[in-house]
Amino acid sequence: MSDLESNVEVVAKAAVMNQLPADGSGVRAESPLFHAELEVLAKQGPQQGGVHLRENKLQGHLTLRCNQNNPDQLAAVETVLGLALPIQPLTAVVKGDISIRWMSPDEWLIVVPGEQTFDIESCFRDVMTGHYSLVNGSGGQTIIELWGPDVVSLLKKCTPIDFHPTQFPVGKVVSSIFAKSGAVISRTGEDRFELVIRRSFADYLWLWLQDASREYGLVIEV
Amino acid sequence: MFYIYCPHCGEHREEEEFHAKGQAHIVRPIDPAACDDKAWGEYLFFRKNPRGLHHELWIHAAGCRKFFNMTRDTVTYEIKEIYKIGEQPSVVAGNKLAGNK
Ligand SMILES: [Zn+2]
């Protein structure tokens, strides 16, 4: 890989596009669960239950692929985000409203506030060196936050992952099977998890989660 | 149902997360145009089908999406060894007791 990098000349600037519609364009951003009308359910639905659900919608999802053995690239990431790439497998880091999930030894999912996505991506293009890839996949996925006393019982129905605290501590992230689909599952608190799911599976998983949490009571929040 | 160790994630995961991708250590001919039909055909289509130890390519499809190698016993399904791409197996036929890397 180092041979490859030393031979790669910076050819041209990658095209970067602001995916958010301009102010006043009248274009409405719709999250993958827009049709579920979670705001209405939050008001009219149950206010107590063992599982709470919130869609952390319209965030910026940037997939970064680079070389964890390249100190220049690691330093560049820290310059842009103020946050170091988690090199330890299956770990995630959070600082303020920016998070980075380890996806594979050369791939990370960076989640940033939606309106900052274009600026952060542009900044990466200015600062990163060498052989890397940065893709804005914001429109393709969404984040579901789940918490409450029965959240682990719910998750056990959905995936073969072991959620015992010794096996799945706070700060861990895994990609796995989730209800015949897939999800990136991270633990952000003792009884608090986040799922990164595909847009195309969002409705299916929303239906699945409602069904699987029925026995505990599902509270929608916004 | 059994657990498979992913050397990239560094932990065992449920079999359902993985896919087998066939025989490992198949070397692509450096100059395909120089191959005769027999050599190219064997590279593309001909695979071992041993009874006993087999070196296979697997992918952690639902996890980190990385490939790795596995030495497996096709009779007992026992997984003898997991090793990364580019590494050589330490458990090989005729050397079945060698367990350490
Ligand atoms: Zn893996």
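**Rings and interface**

Tutor: In this predicted model, ring pairs join A:Phe163, A:Phe168 and A:Phe193 into a cluster. Rings of Phe, Tyr and Trp (its six-membered ring) pair if their centres lie within 6.5 Å; planes under 30 degrees apart are stacked, over 60 edge-to-face, the rest tilted.

Student: How many aromatic pairs over all chains?

Tutor: The count is six. One of them, A:Phe163 with A:Phe193, is edge-to-face, at 5.4 Å centre to centre and 85° between the planes.

Student: Are A:Phe163 and A:Phe193 buried or exposed?

Tutor: Both A:Phe163 and A:Phe193 are buried (under 20% relative accessible area with a 1.4 Å probe, protein chains only; exposed is over 50%, partly exposed in between).

Student: Switching topic: how much area do chain A and chain B bury?

Tutor: About 1,100 Å², 50% of it on carbon and sulfur atoms. That's the accessible area (1.4 Å probe) the two parts lose on being put together, summed over both. On chain A's side, A:Pro160, A:Ser175 and A:Ile177 lose the most, together 34% of what that side buries.

Student: And how many salt bridges cross the interface?

Tutor: Three, counting a Lys or Arg side-chain nitrogen within 4 Å of an Asp or Glu carboxyl oxygen. One of the salt bridges pairs A:Lys172 with B:Glu11 at 2.7 Å, N to O.

Technical notes:
Residues numbered from 1 in each chain as written. Chains lettered and ligands numbered in written order. Predicted model: local features only at pLDDT ≥ 70, side-chain atom pairs only at ≥ 80, totals over all residues. Heavy atoms only, no water.
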